[in-house]
Amino acid sequence: MSWILSAIVFLPLAGALAAAMLPKESGGAAKWLAAVVAGVDLVLVAVLVAVFDVGKGMQFVTDVVWVPQAHIRYHLAVDGISITMLALSALLSFVAVLASWKVESKPSTYFAMLLLLEVGMNGVFVALDFVLFYVFWELVLVPMYFLISMWGGPRREYASLKFFLYTLFGSVFMLVGIVALFLIKGTFDITQLASAAPALLPHQQWWLFLAFFLGFAVKVPVWPLHTWLPDAHVEAPTAGSVLLAGVLLKMGTYGFIRIALPILPDAVTKGAGTLPPWQPILVVLATISIVYGAAVAFAQTDLKKLVAYSSVSHMGFVMLGIASLTPEGINGAVAVMFSHGLVTGLLFLMVGMVYERGHTRKIEDLSGLMPQVPRIGAVFALASFASLGLPGMSGFVGEFLSLLGGWQAATAKGALFSPVWVVVSAVGVLLAAAYMLWMVQRVVLGNPSRVVGAMDDMTGRELATVLPLVALTFVVGIYWSSLLRFVDPAVRALLAPFGGA
Amino acid sequence: MIPAALRVLAPEAVLLLAACVALFGEHIPGIRRSIAGFGAAAATIAALLVMLPHTTSSFFGSMLLVDPTASFARVAIGALTAVFLLWLAARGMGRERSREAAALVLFAALGGMLMTSANDLVTLYLALELATMPAYVLIGYARTDERGLEGTLKYYLLSLLTSLIMLFGLALLFTLSGSTAYGSLELTHAGTAGLLAAVFVAVGFLAKMSAAPFHYWAPDAYAGAPAASVAFVSSVPKVAGLVAMARLLLALSGRVPGLSLALGTAAVLSMLLGNLAAYPQTDLRRLMAYSGVAHVGYLLVALTAGSAGMSAAVYYAVAYAVPSMAIMLISAEEGVTLESLESLASRAPWKAWVSVLFFLSLIGIPPLAGFFGKLYLFGVALDAGLVPLVVFAVAMSVVSLGYYFRVVRAMFARPSAETVPAAAPSAVAASAIVVLAVATVAVGIAAGPLLAPLGFSFP
């Protein structure tokens, strides 16, 4: 069944080409085409998840030569971490198509862009050749640029170019790192790079980590490289925000887990000469992201901006889990990635529904969703609770494990960073509860405002869009191992370079 | 039986014949109207003939070196010329007659092909002039445009000056080594005279390639020329010039201290000046002129890495030439100023979208040709230890995103009140642009089969 990964990655490409070719007067055909393609892709991923053997490491391998002279290969495979992210990508892509049902302007181009975006997202999570990985990594930029610049808000041109410039700036340094790594190791294969001779010298590892850090950290985004994110989110159309927050940010943290840690372990734990190890740097940046994101979220008057800054905060937990280098921490990181994809996707969908009806996202103009539009209000409240990490919902699992991993690493013998950072990060959970509950109190509860008073409740299609996400939030939150049984074996395999922690 | 030395020149012979037919075609009944199409066919045949195998690579007492690199460049020159002439057959040169343009283009392509195999100072200079002379006329093709003629005159005088500087350098080289063959250039004991010779030759080449700090003629010359002329002049001669420059300078670089430092400096200056000066431009011809300066900078990065950079540079030159020609062809149809390109997306959506593709390739976004070009180029340069140069180059390629996307933004702007009519659709012209679009994707994705004849291997 090794064809299945190629099918999952390239089916949306075929769909995108077909959608782009649709004549102008085809009207609603594009959305149905996109829904069918994204739906079939989701089914394929579901089949993949069903037949995936959690104990077997990399599976469904396709590995053929692509450019022989440059030793570039077409190498796809999934392990427990990839498949989790792939499932998220396929699910949210399908949801994004459903959420875009009312796009009127140039629908065939719009849905072609959404499907093209799915190609890049799916590809990043299954590519095991570094050049192929980079191809998918950059492929994501183009459709997202057009989604923002053609269907975005009033400042779309500024925001879309800023998004493109920032992320390209990070990723070209990653490209230099990829080439430099090849010149030392003689291979682009991500799985072999960790083990292939010759061993990297400490300073090589350090500088390569810097190159990869720039590529990945901009995407995550880690403070202080996050400033593109609020602009891009606010201006993007709803589906764009869902995929941006739900999947694109995870590409950055996935890169850290899949590439930076296993290939450059010494840079993280040992440093090089006078250059400090990266672990404490990552922890400090993660903590700042958590607290800064939460603090800034407090001050927002725009719902979308609030959710955007909360993403910076949540992705900080992912970075903390990754930097802990413990199995608990990285399990937690992947769990936050999955959960944040569901929950933030949900929040952006809800903000989108509110905006579609009221044409405002200003918190002061909105109140009393619950009495006026109970379905919207209820799902909004549920998503907020999941976001703040309420036990029993998916947000709690990952944040708990990330903090646990961070604490273990900080209190272990010879720890490189102080437990104070973990404690400060934990305060971030409290802050999240505070700004989320305050938002719920202002927006969901109370008497309906003038804008809200004119709203209709969710339609059947909208309910169908959000229900799978809500259900999964509870499933993962209550039965943790539904997710972690995939992730854990892969995490332990990846941590082998750190002395099989 | 035709001797091998003549057989290997079959493509050049075809081009020469076609050029003559185009030049005198006025008097050949039945061919007057379709000269450009005829030229396109001839160029295609020439490109195919290049691919015929031949056993040796050195011809005419090693005056010509037809190695795989040369053949690769010759195929590219033939194919690009064919595409250009195909487009010309459909669109013509505005109000001017296009017959002469076809002849000039064929002569320039002939000169370009010979340039890539030049292995002797005399061959080099003759081929170079053969390739450059038609460019003067092409640049000044709009005879009634006064501003254009000013640019042409500037270009002509400066180009002549640099030709003479180079010729002086070549003469010095001959005096010092007593031979015009590349293989026997000898500068070890030449001292200052040898250095001067190398400086003159290098300056001549850098100016011809519009590398900073000798680039200032390009924006003015391009801005005065018809966009169609720019499409040809900014692409095909660049490929030929690069191969010729790489051959001679690499032959010299081992013998002249400091040459690669000078190339590195020119690379940095070109990338910096080209990319920054492109920002404020509102005329696409000037913008592409500066972008061309920047791309020559990337090519010079590869040459700074020494002979290992040769094949990467040739590949990159082709990866640059294809989208660059395509953008100028689109501009020739739809307008040269950013203003006139506004809302192209609603006038002719497919042209706007393929333009995006071409710009993305120029920036170096995978999986397009430009990305693989940059990948190989940076690989070679990193292998030679040029880390700061590569870091600078990648940073500059991000900078280039800004001005390329200014054009894209203009194209996708909401249509304004007054709508500019789209150029009349032409299936032939469209197919020329589509061929270039397919090439931009295919050169990237199918890099393997293309790199094999180039003898490229990643370090």
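1. Helices here are DSSP runs of H or I with at least four residues, strands are runs of E with at least two, and both are numbered from the N terminus. B:Ser210 has a positive phi of about 55° although it is not a glycine. Most residues other than glycine have a negative phi, and most peptide bonds are trans.

2. Before going further, a word on the model. It is predicted, with local features needing pLDDT of at least 70 and side-chain atom pairs counting only at pLDDT 80 or more, while totals for chains, interfaces and linings use all residues. Residues are numbered from 1 along each chain as its sequence is written, and chains are lettered from A and ligands numbered from 1 in the order in which they are written.

3. On confidence, the predictor gives the complex an ipTM of 0.86 and a pTM of 0.90. The pLDDT (the predictor's confidence in each residue, from 0 to 100) averages 87 in chain A, where 99% of the residues score at least 70. For chain B the average is 86, and 95% of the residues score at least 70. Within chain B, confidence is lowest in H21(B), at a mean of 72, and highest in helix H13 (residues 284–304), at 92. Where pLDDT is low, the predicted coordinates should not be read in detail.

4. Now the chains themselves. Chain A has 22 helices and two strands, and its C-alpha trace spans about 65 × 55 × 40 Å along its principal axes. With 501 residues, a compact globule would have a radius of gyration near 23 Å, and the 21 Å of chain A agrees. The radius is taken over C-alpha atoms, and the globule rule is 2.2 Å times the number of residues to the power 0.38. Chain B has 21 helices and two strands. Its radius of gyration is 21 Å, close to the 23 Å that the rule gives for 459 residues, so chain B is as compact as a globular protein of that length.

5. Please also look at two cis peptide bonds in chain A. One joins A:Val220 and A:Pro221, with omega about -10°, and another joins A:Trp223 and A:Pro224, with omega about 5°. A:Pro221 is in the loop between helix H9 (202–219) and helix H10 (228–235) of chain A, and A:Pro224 is in the loop between H9 and H10 of chain A.

6. The contact between the chains takes 28 residues from chain B and 26 residues from chain A. Residues are in contact if their C-beta atoms, placed from the backbone, lie within 7 Å. On the chain B side, helix H18 (369–383), helix H19 (387–411) and helix H21 (447–454) each supply at least two residues. The largest share, nine residues, comes from H19(B). This side of chain B divides into 21 nonpolar, five polar and two charged residues. Ala, Val, Leu, Ile, Met, Phe, Trp, Tyr, Cys and Pro count as nonpolar, Asp, Glu, Lys and Arg as charged, and the others, Gly among them, as polar.

7. Finally, how do two of those helices pack? H18(B) and H19(B) meet at an angle of about 160°, with their axes 8 Å apart. Axes are lines fitted to C-alpha atoms, for helices over the stretch in contact, and angles run from 0 to 180 degrees between N-to-C directions. That makes H18(B) roughly antiparallel to H19(B) (angles over 145 degrees count as roughly antiparallel).

Conventions:
Two residues are in contact if their C-beta atoms, placed from the backbone, lie within 7 Å. Angles under 35 degrees count as roughly parallel, over 145 as roughly antiparallel, 65 to 115 as roughly perpendicular and the rest as oblique.
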